[in-house]
Amino acid sequence: MDKKITIAIDGFSSTGKSTLAKQLAKHLGYVYVDTGAMYRAVTLFAMQNGLISQDFFNREGLIEHLQDITLQFLYNPVLEFAEMYLNEENVEKEIRTLAVSQLVSRVAEVPEVRHKLVEQQKHMGEKKGVVMDGRDIGTVVFPNAELKIYMNASPETRAQRRFKELTGLGQEVTYEEVYNNVIERDYIDTHRADSPLVKADDAIEMDNSTITKQEQLQKVIDIVNELLAK
C-alpha cells in the first residue's frame with residue numbers, strides 16, 4: 001500500500017504509549033520514534049554532568065550545553081526496535097531507571113530543550129509513515145497528523161505497570177515510590193507553561209485500564225485501515 005500517514009500517540013506516563021507505538025509501527029512497516037527516550041537522554045546528560053539532582057537544577061547550564069548533545073536512534077535487529085544513543089553511546093538501559101524518571105519532567109519543561117527536540121522530531125516525520133509517541137505530538141509536533149490517539153489509564157494501574165517493569169529489570173524500588181512519581185509527573189506534564197499535556201480536539205481517547213495490549217492494538221489497526229481505505 002503506497003499511502004502512508006502520520007500517527008501521533010500522546011498521553012500520561014506509563015499508559016503504554018511506547019508499547020502500542022512499537023507494535024503499530026512493526027505491523028505497518030512504519031518508522032517508530034520514542035520522543036520520551038529523547039527527553040530521558042537529555043536528562044541523563046544533565047545528571048552525568050552535575051546539572052540536575054533531586055534538589056538542584058542548573059537550567060542555564062543545561063541550556064548552554066544543549067549544543068553538546070547529539071541524539072540518535074539506531075535499530076537493533078535482535079531486539080527489533082531502535083535504541084537511544086547519546087553522543088554515540090547506547091543509553092537505552094540507563095534512561096529507563098527510576099532516577100531518570102524522577103527528573104525527566106523537570107528537564108522536559110525547559111522551553112529550549114523542547115524546541116531543540118521538537119525540531120528534530122518534525123524532521124524525522126517529514127515523509128510520513130511514522131508512529132511517534134510523547135506528550136505533545138498531536139498538538140505541537142504534528143498538529144496535522146491523520147491519526148491522533150490520546151491514551152489514558154488510572155494512576156494506580158499505571159504505577160503498578162511501571163513498578164512491575166522496573167522490578168523486572170532488577171531495580172530496587174517500592175510501589176509507593178513509583179506511584180508518587182506517576183502523580184508528580186502527571187502534575188508537571190499538565191501544568192508546564194510550554195506545550196503542556198492536553199488532548200488534541202481531534203484525538204481519539206483510549207483508556208486501557210481494563211483491556212489487553214492485543215485488544216488495544218487491534219482497535220487502532222482497525223482505525224488505521226479505515227483511514228488508509230479512504
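Me: Helices (H or I, at least four residues) and strands (E, at least two) are DSSP runs numbered from the N terminus. By that rule, which helix holds Asp 186?

Reply: Asp 186 lies in helix α8. The model is predicted: local features need pLDDT of at least 70 and side-chain atom pairs pLDDT 80 or more, while totals for chains, interfaces and linings use all residues. Residues are numbered from 1 along each chain as its sequence is written, and side-chain values use heavy atoms, without hydrogens or water.

Me: Why is Asp 186 called buried?

Reply: Buried means under 20% relative accessible area, exposed over 50%, and partly exposed in between (1.4 Å probe, protein chains only). Asp 186 has a relative accessible area of 11%, so it is buried.

Me: What makes the pair of Asp 186 and Arg 158 a polar contact?

Reply: A polar contact is a pair of N or O atoms within 3.5 Å; within protein, one must be able to donate a hydrogen and the other to accept it, and residues adjacent in sequence count only if both atoms are side-chain atoms. The side chains of Asp 186 and Arg 158 meet that rule at 2.6 Å. Beyond its neighbours within four places in sequence, Asp 186 is in contact (heavy atoms within 4.5 Å) with Phe 12, Ser 13 and Arg 158.

Me: Which residues does the UniProt annotation "binding site" cover?

Reply: According to the unreviewed UniProt entry, the annotation covers Gly 11, Phe 12, Ser 13, Ser 14, Thr 15, Gly 16, Lys 17, Ser 18 and Thr 19. From this set, Ser 13, Ser 14, Thr 15, Gly 16, Lys 17, Ser 18 and Thr 19 belong to the lining of the largest pocket. Such annotations may be inferred rather than shown by experiment; the positions follow the numbering used here, with feature names shortened.

Me: Why is Lys 17 buried, while Ser 18 is partly exposed?

Reply: Lys 17 has a relative accessible area of 6%, so it is buried. Ser 18 has 23%, so it is partly exposed. Leaving aside neighbours within four places in sequence, Lys 17 is in contact with Ile 9, Asp 10, Gly 11, Phe 12, Asp 133, Gly 134, Arg 135 and Met 151, whereas Ser 18 is in contact with Tyr 32, Asp 34 and Asp 133. The side chain of Lys 17 reaches the backbone oxygen of Gly 11 at 3.4 Å.

Me: What makes one space a pocket and another a cavity?

Reply: On a 1 Å grid over the protein atoms alone, a cavity is a set of points where a 1.4 Å probe fits but cannot get out; a pocket is an open set with protein on both sides within 12 Å along at least five of seven lines, and lining residues have an atom within 4 Å of a point. The largest pocket holds about 1,200 Å³. Its lining has 41 residues, of which Gly 16, Ser 18, Thr 19, Arg 162 and Glu 165 are the closest to its centre. Elements that each supply at least two lining residues include α1, α7 (155-168) and α8 (175-191).

Me: How many cavities of 30 Å³ or more are there?

Reply: The count comes to one. The largest cavity holds about 40 Å³, and its lining includes Ala 8, Asp 10 and Lys 148. Strand β9 gives the largest share of that lining, three residues.

Me: How do you know that β5 and β6 pair?

Reply: Two strands pair if DSSP finds at least two bridges between them. β5 and β6 have six bridges, in the antiparallel sense, and Phe 73 has Met 84 as its bridge partner in β6. β6 (residues 81-86) and β7 have two, also antiparallel, and Leu 86 has Glu 89 as its partner in β7.

Me: Why are β5 and β7 called edges?

Reply: The open sheet of three strands has the order β5-β6-β7. β5 (71-76) and β7 (89-90) each have a single partner strand, so one side of each is left without a neighbour in the sheet. In β6, five of its six residues are buried.

Technical notes: Points joined across faces, edges and corners; volume = space filled by probe spheres on them.
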